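My entries follow in the order I made them.

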Amino acid sequence: MWTKLFVTEDRWAPAILRLTLAVVMFPHGAQKLLGWFGGGGYSATMTNFTEGMGLPWIVAFLVIIIEFFGALALALGAATRLAAAGIGAVMIGAIVTVHAQHGFFMNWGGNQAGEGFEFHLLALGIVVALMVAGGGSGSIDRMLTTRRST
């Protein structure tokens with residue numbers, strides 16, 4: 001049963017999608033957990049999410065953990081479908097709680113009050129593709145589920 005969760009074909013398209021999503025999500029997770037890339041770090045992010053946005057502490061904690069460790073798991077191709085599902089949940093949450101009110105488009109021109117959800121929609125498309133295809137070539141998932149001939 002668990003094998004179906006990890007099995008993936010030796011294909012490069014899902015590997016490219018997996019690595020792209022990992023590269024995009026890692027800085028966001030590192031901002032929230034470690035304070036890298038101009039982020040506030042764990043304490044400031046928890047305060048912002050719980051006090052500023054009114055999120056339950058467990059949701060705030062999971063967002064931080066999923067963005068950071070989910071990106072690392074995607075980079076390695078470890079539990080790709082689970083990591084992608086977690087990131088998908090975070091993207092849906094971000095759309096619903098913050099970005100939908102600003103419309104579709106990102107704020108490239110600086111002429112709207114916030115960022116729209118087009119980035120999140122692209123990430124969700126990658127998430128769905130990874131949940132269908134798995135991690136692809138070079139993934140730990142593939143290594144664990146491929147039978148080796150002797």
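I looked up Ser137 and found it buried, at 1% relative accessibility (buried means under 20% relative accessible area, exposed over 50%, partly exposed in between, with a 1.4 Å probe and protein chains only). Ser137 lies in the loop between α6 and α7. Helices here are DSSP runs of H or I with at least four residues, numbered from the N terminus. I listed what Ser137 touches, leaving out residues up to four places away in sequence: Glu9, Asp10, Arg11, Trp12, Ala15 and Arg18. Contact means heavy atoms within 4.5 Å.

I noted the ground rules: this is a predicted model, where local features need pLDDT of at least 70, side-chain atom pairs count only at pLDDT 80 or more, and totals for chains, interfaces and linings use all residues. Residues are numbered from 1 along each chain as its sequence is written, and side-chain values use heavy atoms, with hydrogens and water left out.

Next I checked two loop residues. Phe37, in the loop between α2 and α3, has a positive phi near 55° although it is not glycine. Phe37 is exposed, with a relative accessible area of 52%. Ala79, in the loop between α4 and α5, also has a positive phi, near 55°. Ala79 is partly exposed, at 23% relative accessible area.

Then I turned to α5. Its buried residues include Ile87, Val90, Met91 and Ile95. The buried residues of α5 pack against α1 (2–6), α2, α4, α6 and α7 (140–145).

How do α5 and α6 run relative to each other? Their axes, lines fitted to C-alpha atoms over the stretch in contact, come within 9 Å and cross at roughly 155°, with angles taken from 0 to 180 degrees between N-to-C directions. That makes α5 roughly antiparallel to α6 (angles over 145 degrees count as such). Among the residues making the contact are Ile87, Met91 and Ile95 of α5 and Phe119, Leu124 and Leu130 of α6. The contact residues divide into 15 nonpolar, four polar and one charged (Ala, Val, Leu, Ile, Met, Phe, Trp, Tyr, Cys and Pro count as nonpolar, Asp, Glu, Lys and Arg as charged, the others as polar).

Of its 23 residues, Leu21, Met25, Leu74, Ile87, Met91 and Leu130 touch the most other members. Beyond four places in sequence, Met91 is in contact with Met25, Phe119, His120, Ala123 and Leu124.

Note on methods. Core = buried A, V, L, I, M, F, W, Y, C linked by side-chain atoms within 4.5 Å. Parallel < 35°, antiparallel > 145°, perpendicular 65-115°, else oblique.
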